[in-house]
Amino acid sequence: MDQNEFVLITTPFKDKIFRLAKRLLVSTEEAEDATQEVLFKLWSKSSSVSTYRNVEAFAMTLTKNYCLDQLKSKRATNVPLNSDHDKDFDSELGKNIEDLDSLNWVEKCIAQLPEQQQIIIQLRDIEQYEYEEIAKIVAVSENTVRVTLSRARKTIREFMKNVHDYGIK
């Protein structure tokens, strides 16, 4: 496989790799490093990449594993998983303040979820992966993915209800 073929294969999902890495590592810089590392690993396996049925799912699995390894390493200990720093919201998009505040609350809630729920929410609700693909990436059954996703959504729903109903009884 030459460089042009590799770029054609990886371009459609490299932003998804970054978003998953950002969700797990919080830091933009570490997410960029993770993205580069995953793409480098794919390039080093470029001769066998075409044998995979779904290169994107393989890349997402590599990303998940790399990020979890980074979180376990000493290098990532200075940035807690639930840190809410480094939130970049672009006010030029014309979103109103209330929507941004709700999005911020949802992100804070997601950051407080258990690690597996965070990954599954990211893959299903943000990256729009199918249950079967998520099950392969996370290495659990489809039923487990559905149950975990349901629990995560319920937790987020209750959290947001508490935020919006605060002081109103």
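Visitor: Before anything else, what counts as a salt bridge here?
Guide: A salt bridge is a side-chain nitrogen of Lys or Arg within 4 Å of a carboxyl oxygen of Asp or Glu. Lys-16 and Glu-56 form one, with their closest N and O atoms 3.0 Å apart. This is in a predicted model.

Visitor: Where do Lys-16 and Glu-56 lie?
Guide: Lys-16 is in helix 2 and Glu-56 is in helix 5, so the pair ties together parts that are 40 residues apart in sequence.

Visitor: Is Lys-16 buried or partly exposed?
Guide: Lys-16 is partly exposed, because its relative accessibility is 21% and buried means under 20%.

Visitor: How many salt bridges does the count come to?
Guide: The count is 6. Among them is the one between Lys-136 and Glu-132, at 3.5 Å from N to O. Both of these residues lie in helix 8, 4 residues apart, or about one turn of the helix.

Visitor: Why would that spacing matter?
Guide: An α-helix has 3.6 residues a turn, so residues three or four places apart point the same way.

Visitor: And what about Arg-146 and Glu-142?
Guide: Their side chains also meet in a salt bridge, at 3.8 Å from N to O. Arg-146 and Glu-142 are both in helix 9, 4 residues apart. Arg-146 is partly exposed at 40% relative accessible area, and Glu-142 is partly exposed at 34%.

Visitor: New topic. How many residues are in the largest nonpolar core?
Guide: That core has 40 residues, and those with the most contacts inside it are Leu-42 and Leu-123. Several helices give two or more residues to this core, including helix 2 (14-25), helix 3 (28-44) and helix 9 (142-164). The largest share comes from helix 5, with 9 residues.

Visitor: What does Leu-42 touch?
Guide: Leaving out residues up to four places away in sequence, Leu-42 touches Phe-6, Thr-10, Phe-13, Val-49, Phe-58, Ala-59 and Leu-62.

Visitor: Phe-6 is on that list. Which ring does Phe-6 pair with?
Guide: Phe-6 pairs with Trp-43: the ring centres are 5.1 Å apart and the planes are at 75°, so the pair is edge-to-face. Phe-6 is in helix 1 and Trp-43 in helix 3, so this pair links distant parts of the chain, 37 residues apart. Phe-6 is buried at 9% relative accessibility, whereas Trp-43 is partly exposed at 36%.

Visitor: And how many aromatic pairs does the count come to?
Guide: The count is 3. Another of them joins Tyr-52 and Phe-58, which are stacked, with 4.1 Å from centre to centre and 15° between the planes. Tyr-52 is partly exposed at 31% relative accessibility, and Phe-58 is buried at 19%.

Visitor: What about helix 7? Which residues in it are buried?
Guide: The buried ones in helix 7 are Gln-117, Gln-118, Ile-119, Ile-120, Ile-121, Gln-122 and Leu-123. Helix 7 has 12 residues, which should span 16 Å at 1.5 Å a residue, and its end C-alpha atoms are 16 Å apart, which agrees. Just after helix 7, Gln-128 takes a positive phi of about 65°.

Visitor: Last thing. What pLDDT does the chain average?
Guide: The average is 81, and 82% of the residues score at least 70. Confidence is lowest in helix 4 (residues 46-49), at a mean of 78, and highest in helix 8, at 92. Over residues 82-95 the pLDDT is below 50, and that stretch has 16 contacts in the model beyond near neighbours in sequence.

Note on methods. Residues are numbered from 1 along each chain as its sequence is written. This is a predicted model: local features need pLDDT of at least 70, side-chain atom pairs count only at pLDDT 80 or more; totals for chains, interfaces and linings use all residues. Side-chain values use heavy atoms; hydrogens and water are left out. A nonpolar core is a set of buried Ala, Val, Leu, Ile, Met, Phe, Trp, Tyr and Cys residues joined through side-chain atoms within 4.5 Å. Buried means under 20% relative accessible area, exposed over 50%, partly exposed in between (1.4 Å probe, protein chains only). Contact means heavy atoms within 4.5 Å. pLDDT is the predictor's confidence in each residue, from 0 to 100. The expected span of a helix is 1.5 Å times one less than its number of residues. Rings of Phe, Tyr and Trp (its six-membered ring) pair if their centres lie within 6.5 Å; planes under 30 degrees apart count as stacked, over 60 as edge-to-face and the rest as tilted.
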